[in-house]
Amino acid sequence: MTDISVRMARWSALHPGRAITGWLVFVVLCLGAGITAGTHQATTEDYWVGEAGRAERLATEAGLQRKPVEHITIRDGAGRDGDSGVDSTGDGGGGSGSTGAGAEATAETTAAARDIAARMAKLPEVASVADPVRSRDGDTVRVSVTLKGPELEGKKNVVPLLAVTEEVAKAHPGLRIEETGSPAISKGVNDQRDEDLALSERISLPVTLITLLVVFGSAVMAGVPLLLALTSIAAAMGLNMLASHLIPDAGVGTNLILLIGLAVGVDYTLFYLKREREERARAGGRLTSEALVELAAATAGRSIVISGLAVIASTATLYLATDVIFSSLATGTVLVVAVAVASSLTVLPALLVTLGRRTERRAARRAVRLARKGKAPRAERAERAERAETGRFFAALLRPARRRPAATLVVSVLALLALATPVLQMKLIDPGRDTFSRAIPAMRAYDRLTADFPELLVKHEVVVRNAPAQANEARRALAELDERTRADALFAQHTTPSLFARHAAPSLRTSADGRTSVLELSVPHPAQAGEAVRSLERLRDVHIPATTGKVRGAETAVSGDVARGQDYVHYERAKLPWVLGALLLVTFLMTVWAFRSVVIGLLGVLLNLLSAAAALGVMVAVFQGTWAESLLGFDSIGAIASRVPLFLFVILFGLSMDYQVFVVSRIQEARQRGLSSREAVLDGIGKSAKVVTSAAIVMVTVFGGFVALHLAEMKQMGFCLAVAVLLDAVVIRMMVLPAALLLLGDRAWWPSRRTAARVARSEPAVPVG
């Protein structure tokens with residue numbers, strides 16, 4: 001591994017112009033190829049899991065799949081407070097100033113409904129327009145519009161519909177006319193996510209730059225990590241577009257590339273830069289920039305390669321979940337980490353040599369000026385820089401482990417276990433529209449829509465496929481199922497009559513061959529509510545076995561928003577042991593391979609588990625309750641998004657390897673120089689403390705920026721990652737790890753033995769100055 005990193009750095013150092021040009025060409029080619037190929041988005045079929053997925057497969061094969069639907073509501077605007085959804089009459093939105101409860105729709109609302117229906121029917125994106133219906137109190141009229149194309153394409157095709165709704169609203173200023181539905185909500189969520197990401201970048205990039213300025217004291221040197229991280233992100237985005245044609249993109253890969261790319265890209269460059277500067281200070285002008293870069297490559301370069309491979313291997317375990325979202329997340333992370341490692345080994349040495357030559361020229365001119373004045377250069381500067389590497393702050397952090405390792409280990413572990421305790425009460429849900437931010441106009445319109453039409457909150461979709469001979473029997477069973485649910489308090493007890501035709505919309509659809517039917521059953525409760533979940537359980541366990549379940553040879557399955565969410569959570573729980581088992585094994589094997597020590601491997605796994613569990617515990621304590629809502633600006637959903645724990649465990653294990661590899665490598669180097677086990681631990685951790693903390697600050701800044709996002713899932717993820725990195729860098733690497741290694745002594749490196757180092761400080765192949 002060392003030979004590879006050294007050879008690559010040597011070539012790059014000797015041919016800096018070619019290396020820099022080659023990197024820029026690589027980035028442009030990746031981005032250009034990706035844009036040319038485009039992104040292959042995941043389809044509805046890619047999300048099918050469990051019984052809900054089976055139901056949707058049956059419906060799709062019969063041409064009865066769910067279509068994207070928009071709802072346009074028209075109500076009297078008197079007494080309403082603009083678009084805020086606040087009803088100044090104080091009746092919670094159920095009444096209006098001009099039409100009392102139960103009154104017939106006014107002439108103007110009727111005219112507006114006809115206008116909307118006529119305009120929507122002319123749009124090429126629209127498949128059908130349903131008859132307008134009114135709410136039970138008569139105050140609101142609803143026009144439902146079905147779009148053409150698959151369900152997931154609705155967010156792209158909804159733009160013309162929103163424009164029509166806006167035009168009609170302007171033509172009827174006395175009415176409140178608004179549009180909502182899955183397509184409009186999905187578009188609103190995407191727009192909000194884009195705005196949030198832009199805000200996160202505006203926050204994280206300046207703070208990252210300031211942190212690097214503090215670390216290096218030079219604007220040029222601070223710009224190098226940021227430049228390489230951004231170019232790595234650009235290249236990874238292009239590669240991710242290409243990869244999406246093999247593994248469909250679920251729309252989250254880009255977010256992770258930005259999140260992880262900026263963090264690890266800056267970290268890897270920071271590790272390399274700090275080592276090169278350390279070697280330069282130690283050399284005191286006796287070595288050329290090429291030689292210094294080669295020395296840095298033999299140490300920091302090796303650590304970066306091992307760390308990158310560990311992150312890639314850990315993240316790859318997400319593929320075992322066989323889930324399109326996790327596969328998309330894994331692909332984005334693997335690509336950006338691989339590109340970040342490549343940039344650190346190729347173009348970074350070239351940049352360092354280019355900048356180093358400028359530094360050497362300035363030093364030579366300064367030496368000439370000093371010589372003319374009869375003064376000698378300050379040779380002790382390197383020694384002072386090396387002594388100051390630890391610093392008072394880091395020395396204070398390390399002091400408890402150095403003086404009382406046993407007590408420090410016990411207290412630190414107990415504190416982390418206490419932080420992890422809330423994990424035992426963690427509740428998981430699959431986030432749906434009920435969890436989206438109400439800052440999205442379509443969500444506020446959705447709340448008003450479901451208040452007037454509660455039967456639209458949730459629909460269970462019962463799909464039955466029967467043999468041709470059992471068609472009549474299946475229809476009778478479905479009719480009986482419909483009647484049973486009407487008598488069940490968990491299901492909706494009313495329908496919405498047509499405003500014009502005076503009949504209820506059909507809830508049963510049957511394929512042309514009569515073999516497949518879909519029965520829609522309304523539930524007047526939000527998808528995340530306990531009543532909605534119990535209604536699904538009642539439907540699957542009681543009503544269906546008593547009706548369609550008795551039809552010989554018929555296949556019955558239930559889908560819908562509640563079924564999708566519940567089945568997805570159960571599916572993930574079933575995959576969790578396999579992914580975590582593979583993750584622990586991969587982390588252990590990577591650490592043993594890197595350091596030739598079984599004890600270090602076991603210690604690394606335990607410490608990663610401890611820091612990840614503590615971070616998850618803090619996240620549960622913060623987001624599952626309501627006490628931190630005003631502090632962090634969120635509305636608690638009373639649970640954790642189901643994808644978050646598994647993804648975070650995998651990513652945290654990978655990122656923890658950054659610090660594990662870097663710190664333990666410095667300890668190993670000190671040990672190879674002949675220091676005792678105790679001296680090696682203190683020397684290695686002392687010298688790596690500043691750079692690890694600086695890297696942690698960058699990561700915490702990047703991840704912490706995601707706490708400002710509106711989407712609950714991303715907010716939870718960013719918060720947990722920031723907490724985990726902070727705990728790992730300060731508590732694990734400065735207290736728990738040194739305390740454990742000091743107590744273990746030479747036993748920590750079993751079964752390897754102390755050998756004379758093939759140290760990274762062997763004579764460089766490039767000429768010395």
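## Close-up views of a predicted model

**View 1. Arg-564 is partly exposed, with a relative accessible area of 22%, and it pairs with Glu-56.** Partly exposed here is the range between buried (under 20% relative accessible area) and exposed (over 50%), using a 1.4 Å probe and protein chains only. This is a predicted model, so local features need pLDDT of at least 70 and side-chain atom pairs count only at pLDDT 80 or more, while totals for chains, interfaces and linings use all residues. Residues are numbered from 1 along each chain as its sequence is written, and side-chain values use heavy atoms, with hydrogens and water left out.

The Glu-56 to Arg-564 pair is a salt bridge, with its closest N and O atoms 2.8 Å apart. Glu-56 sits in helix α3 (residues 50-61) and Arg-564 in helix α19 (residues 561-595), so the pair ties together parts that are 508 residues apart in sequence. Glu-56 counts as buried, at 11% relative accessibility. A salt bridge means a side-chain nitrogen of Lys or Arg within 4 Å of a carboxyl oxygen of Asp or Glu, and by that rule the count comes to 33. Helices (DSSP H or I, at least four residues) and strands (E, at least two) are DSSP runs numbered from the N terminus.

**View 2. Glu-178 and Arg-448 form a salt bridge, the closest N and O atoms being 2.8 Å apart.** Strand β7 (residues 175-181) supplies Glu-178 and helix α16 (residues 441-452) supplies Arg-448, so this pair ties together parts 270 residues apart in sequence. Glu-178 is buried at 7% relative accessibility, and Arg-448 is buried at 11%.

**View 3. Here Arg-486 forms a salt bridge with Asp-482, with 3.5 Å between the closest N and O atoms.** Both belong to helix α17 (residues 471-486), and being 4 residues apart they are separated by about one helical turn. Arg-486 is partly exposed at 42% relative accessible area, whereas Asp-482 counts as buried at 16%. Elsewhere, salt bridges that share partners join Glu-56, Arg-66, Glu-151, Glu-461, Asp-561 and Arg-564 into one network.

**View 4. Helix α11 (residues 324-345) is mostly covered, with 20 of its 22 residues buried.** From first C-alpha to last, α11 reaches 32 Å, close to the 32 Å expected at 1.5 Å a residue; the expected span is 1.5 Å times one less than the number of residues. At the start of α11, a side-chain oxygen of Asp-323 comes to within 3.0 Å of the backbone nitrogen of Ile-325.

**View 5. Helices α15 (residues 405-420) and α24 (residues 712-744) pack at an angle of about 140°, with their axes 8 Å apart.** The axes are lines fitted to C-alpha atoms over the stretch in contact, and angles run from 0 to 180 degrees between N-to-C directions. α15 and α24 are therefore oblique to each other; oblique is what remains after under 35 degrees (roughly parallel), over 145 (roughly antiparallel) and 65 to 115 (roughly perpendicular).

**View 6. Gly-356 lies in helix α12 (residues 347-372).** Gly-356 is buried, at 3% relative accessibility. Its C-alpha is 5.4 Å from that of Ser-289, a residue 67 places away along the chain.

**View 7. The side chain of Asp-488 makes a polar contact with the side chain of His-543, at 2.8 Å.** A polar contact is a pair of N or O atoms within 3.5 Å; within protein, one must be able to donate a hydrogen and the other to accept it, and residues adjacent in sequence count only if both atoms are side-chain atoms. Asp-488 is found in the loop between α17 and β10 (508-510), and is buried with a relative accessible area of 6%.
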